[in-house]
Amino acid sequence: MSVCAKSVWPNNVQLDHRAEAIKNAFKHAWKGYSDYAYGHDELRPLTNGTTDSRNGWGASIFDALDTMIIMGLEEDYLRASDHIKAVNWRKSDEPSKTFETNIRYLGGLLSAYDLKGDEFLLTKAKELADSVIMPAFDTPNRMPAAFVNVTTQPVKLNQIVLAEFGSLQLELVRLTQLTGDDQYEIAGNNIIDQISEIPTTIPGLYPMTWNLSTFTPTDTYHTISGELQLDMWSTAVESMRRYLRSETHSGKVYLSEFEGQYQILQSGELVCFMPGNLLLGARYLKDKSLETLAKELMDSCYDVWNTSTGLAPETWSWIDKGQDITIYSSLMQKMMLTTGFLSQDSGYDLRPETIESLFYFYRITGDKTYQDKAWKIFEAIEKYCKTSSGYTRIGNVNDIGDVKPLNFEESYFFAETLKYLYLIFADTNYISLDDYVFNTEAHPFKLKTPIQVQAKKFY
C-alpha cells in the first residue's frame, strides 16, 4: 500500500534575482558533474576527476534529486530517474555506511517521492531499505551496525556513534507512512526507546561513542545531538543552556563541548544547525526563553563568517568571559575582542549549517535581514569556491591570496547548501515549514499532520 504524493513542480513560483542566481549556481555545478562525473558519487572540480566515497551509486544524483524538482529542472530530473532505476544496491566495492546511506540515498528518494509522486521512487526506496539499511539491525540487540556489507551482513565493528545511529528515525518513519509497513518505524523508534533507558551524567546529553554489543557509552565526551524525540529534546536543550552555553568577553554565545568534568571551549560549523533547530522547537512549544538562546547562537554562528574571505572556518575556540583574558597572548586577546573567536581548522567544506539556520530564522520570524545575510554568504562562496566545472572545498578562509582549493565537491552541496539558499529567496509558501520537515541532509518530507510555525508576514 502506498500513499499518493502530489507533484509540486514550481511552475508559478515567483523568484527574485537572488533565487535565480542560486539556481544558476546549481546549473553550473550540475553541468560540471554531468559532463565529467555522472554516475559517480562526486566530482573533483579542479581536475574534473571523480570519487566514489558513498558506494559508487551516484550520491550526488540522489542528493540533488529533490533540489532539481524544487528548482523545476525537469530534464535533469528525467536523466537522473534513468540512472536511479538502474542502480543495483547489491553492487559495491565498499561496505555501506548506514547513516550516510540513510540520509543521502533513502532521504533523497523519499523526498523526491513526496515532491513528485513518481512511483518508481518509492519502489527504489523500499528496495534500498530492505537490501542495505534494515540488515544493519540484524544484531543481537537490534541496534544498527555502523556498516553493512551489501552482499552479506552487518560489518562486525563494535563502535557506533550517537550522531549516526540516533539519526535514522525520520526516514524510517516516513517510509512506514508511505508504504504501510511498520517494520521500518519499529526499528527506528526502538533506538530512541533504548537510548532513553541509559542514565546520563548530564540530563538529556549523551556521550558520542557507544559499544554496539552492550549498547552503552564508551566515553564521557558530550557534544550536540539534535535527533531526540520532543521530551528528550527539551531535557537536552535545558542541559545545553545550563552546562554548554558559554559567553565571551565581547558577548558572543557559543555551545561548548564537555568531557568528564571539563568544559571544552570549542565548536564548529557542524553545530550551527542548532540555532534553527532551537527556534523551530521554541515556536512549536511556544517557549520565548528558547527563542532567546536560539537568537544568541544564530548571531554568533553568523559572525564567525566574518573572515577575510567571508567564509566560516570548520572549527574554532574562544575565551569565556569568566576567564582572565590577560593571561593569554596579546594576539589571542586582540582576536577575542575583535572577531570573538580563534580559528582552529581554517578550512571551509561547502557546509550548509549556518545557512540552514538562516533559512529557519527567515521562514519563522519573517525578518528579511536573514535573506541579506544568506546572500552575503552565497557571494563569498561564488568568489572563493567556484571553479570552471563546479565548487570546491577550500583549506584556508583567512587568506584571500591563497584559499588552498582542495578539489572536492560534496554531494551535500547540492542537497543542502544550494537548496537552503534557494528556498530563502523563493516564495515563502513553497515547501512551507508548516507542511514539511527537513531531514539531516535537507531532504524535505511531507508532514502527516501540518503544524503552525512559519511566519504569516515577512518584513
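Me: How many salt bridges does the count come to, and what makes a pair a salt bridge?

Reply: The count comes to 27 salt bridges. The term asks for a side-chain nitrogen of Lys or Arg within 4 Å of a carboxyl oxygen of Asp or Glu. This is a predicted model, in which local features need pLDDT of at least 70 and side-chain atom pairs count only at pLDDT 80 or more, while totals for chains, interfaces and linings use all residues. Residues are numbered from 1 along each chain as its sequence is written, and side-chain values use heavy atoms, leaving out hydrogens and water.

Me: Why do Asp-299 and Lys-295 count as a salt bridge?

Reply: Their closest N and O atoms are 2.9 Å apart, and the limit is 4 Å, so the pair qualifies. Both residues lie in helix H11 (residues 288-303), four residues apart, about one turn of the helix. Helices here are DSSP runs of H or I with at least four residues, and they are numbered from the N terminus.

Me: Why is Asp-299 called partly exposed?

Reply: Buried means under 20% relative accessible area and exposed means over 50%, with partly exposed in between (1.4 Å probe, protein chains only). Asp-299 has 25% relative accessibility, so it is partly exposed. Lys-295, with 37%, is partly exposed too.

Me: What about Asp-349 and Arg-351, are they buried or exposed?

Reply: Asp-349 has a relative accessible area of 14%, so it is buried. Arg-351, at 13%, therefore counts as buried. Their side chains meet in a salt bridge at 3.7 Å, N to O. Both belong to a network of salt bridges whose members include Arg-54, Asp-63 and Glu-441.

Me: How do you know that H7 and H8 are roughly antiparallel?

Reply: Their axes cross at roughly 155 degrees and come within 7 Å. Axes are lines fitted to C-alpha atoms, for helices over the stretch in contact, and angles run from 0 to 180 degrees between N-to-C directions. Angles under 35 degrees count as roughly parallel, over 145 as roughly antiparallel, 65 to 115 as roughly perpendicular and the rest as oblique. H7 and H8 are therefore roughly antiparallel.

Technical notes: Helix = DSSP H or I, 4+ residues; strand = E, 2+ residues; numbered from the N terminus.
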